[in-house]
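Reader: I am new to this structure. Please walk me through some of its helices and one of its loops.

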Amino acid sequence: MVFNNRVTAEQYLATYYSYVPLYGAQAHNPGIEAGGEFWFYTFADSWFGNDQSFGIANGMQNANKPLNNYWDGEGAYPLFRAIRDCNIFIENASDRSWVTDLEEIERRRWIAEGKMLKAFFHFYLFQLYGPIPVIDENLPISANEQEVRVTRQKVDEVVDYIVELLEEATPDLPVRIQKEATELGRFTQLAALGLKAKVLLLAASPLFNGNTDYAAFRDHDGQPFFNQTYDPGKWKKAADAAQEAIAVSLSAGHALYDFRAYNPVILNDSLGVSMNIRGVVSDRFNRELIMGVEKGHTTDLQQLAQARLENFHLTQQQNVKSLLAVTFDVVESFYTDNGVPMEEDKEWVESGMYENRYSTKVAEHEHCYFIKENYETALMHYNREPRFYGSIAFDGSS
């Protein structure tokens with residue numbers, strides 16, 4: 001019934017976008033909390049019943065009931081189910097006897113979206129689990145026990161499959177969304193080219209390119225899942241894909257984010273750089289964004305991290321939680337304004353500033369762009385690189 005008409009078929013297609021993991025959700029995205037860059041003040045603050053990423057950071061990952069389990073869809077989205085649903089859509093939309101009220105150009109676009117979504121879900125699983133089964137077609141309902149025993153593919157085979165899907169999809173996708181009121185967030189050529197570049201970059205990285213740490217990780221035939229021979233040509237493929245994505249994005253009107261384009265009266269070069277670093281992720285729908293598919297849970301993240309700066313925040317504890325912060329390791333990893341780590345900066349070491357970085361001093365006028373004038377704060381907050389001031393809120397920051 002779904003494929004009897006255009007309206008219900010399009011609703012079926014839209015359902016697949018709901019499987020895209022919530023990048024802004026600290027509980028869903030292991031890249032936010034599992035690595036230790038962010039930390040809750042106490043374990044209870046993490047609402048651990050729902051926050052599986054922080055459990056990974058605390059050494060609670062396990063084989064019996066894995067956290068952030070995108071493989072089975074327990075505590076995370078069921079991405080293999082998403083791939084299966086994509087296959088159903090592609091198979092039926094490709095049959096011209098179905099959805100007969102659909103124009104051919106739109107049909108090709110929908111099929112391309114289905115292929116890109118399938119490539120995206122394979123990629124997401126790949127970056128979490130490495131070698132995965134490639135699900136090109138769904139198994140028939142009558143499949144026997146042997147047929148359902150699908151096997152993992154080699155890393156290079158998985159990468160080749162994802163790239164092939166993206167290359168098939170790209171020509172039939174629009175370069176840009178024209179009907180923004182109803183279609184913003186759907187995949188485009190720019191999204192496909194950008195994802196292809198990201199896939200090839202990951203494949204070229206030391207994680208997958210000749211990683212001998214996984215030499216013993218082999219299939220039933222004794223062949224390694226990770227190619228054991230480093231291939232520098234993979235970097236060339238990644239660079240070419242990135243160059244193509246950049247060229248097409250520029251021709252479509254995208255560009256690197258520049259805060260001064262919106263606020264030309266910036267008197268300090270370092271302040272301009274720090275505002276670029278901040279604004280590229282916080283300035284909604286800016287021209288650098290080429291793929292945005294969901295906005296969910298960024299409010300949660302802000303509420304958890306927001307400092308109680310005003311008296312009324314103390315009565316707004318449901319909205320201003322002040323529970324989540326970056327760690328000292330992260331704060332100290334940012335460079336000085338000389339472009340080197342604090343402990344390697346000769347000016348800092350010879351002046352004793354590094355050794356006494358937890359001591360305080362009152363900010364003079366020359367620091368007013370980044371530190372409140374006449375405010376006493378730690379020495380480690382002075383003379384840091386623009387990335388520090390664009391990324392970190394600290395005691396006394398402007």
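Author: Start with a definition: buried means under 20% relative accessible area, exposed over 50%, and partly exposed in between (1.4 Å probe, protein chains only). Helices are DSSP runs (H or I, at least four residues), numbered from the N terminus. This is a predicted model, in which local features need pLDDT of at least 70, side-chain atom pairs count only at pLDDT 80 or more, and totals for chains, interfaces and linings use all residues. Residues are numbered from 1 along each chain as its sequence is written, and side-chain values use heavy atoms, leaving out hydrogens and water.

Reader: Which residues in α11 are buried?

Author: Helix α11 covers residues 269-282. What covers its buried residues includes α10 (259-262) and α15 (386-391). The buried residues of α11 are Leu271, Gly272, Ser274, Met275 and Gly279.

Reader: At the start of α11, which backbone nitrogen does a side-chain oxygen of Asn268 reach?

Author: A polar contact is a pair of N or O atoms within 3.5 Å; within protein, one must be able to donate a hydrogen and the other to accept it, and residues adjacent in sequence count only if both atoms are side-chain atoms. Here the oxygen of Asn268 comes to within 2.9 Å of the backbone nitrogen of Ser270.

Reader: Are α8 and α9 roughly parallel or roughly antiparallel?

Author: Axes are lines fitted to C-alpha atoms, for helices over the stretch in contact (heavy atoms within 4.5 Å). Angles run from 0 to 180 degrees between N-to-C directions. The axes of α8 and α9 cross at roughly 160° and come within 8 Å. Angles under 35 degrees count as roughly parallel, over 145 as roughly antiparallel, 65 to 115 as roughly perpendicular and the rest as oblique, so α8 and α9 are roughly antiparallel.

Reader: How far apart are the axes of α4 and α5?

Author: Helix α4 spans residues 79-93 and helix α5 residues 104-129. They pack at an angle of about 160°, which makes α4 roughly antiparallel to α5. Their contact includes Phe80 and Ile83 of α4 and Trp110 and Phe121 of α5. The axes lie 9 Å apart.

Reader: What is the relative accessible area of Asn211?

Author: Asn211 lies in the loop between α8 (189-204) and α9 (233-251). Leaving aside neighbours within four places in sequence, Asn211 is in contact with Pro206, Phe226, Asn227 and Gln228. Asn211 is buried, and its relative accessible area is 8%.

Reader: Which residue's backbone nitrogen does the side chain of Asn211 reach?

Author: The side chain of Asn211 makes this approach at 3.0 Å. The backbone nitrogen belongs to Asp213.

How values were computed. Helices (H or I, at least four residues) and strands (E, at least two) are DSSP runs, numbered from the N terminus. The expected span of a helix is 1.5 Å times one less than its number of residues.
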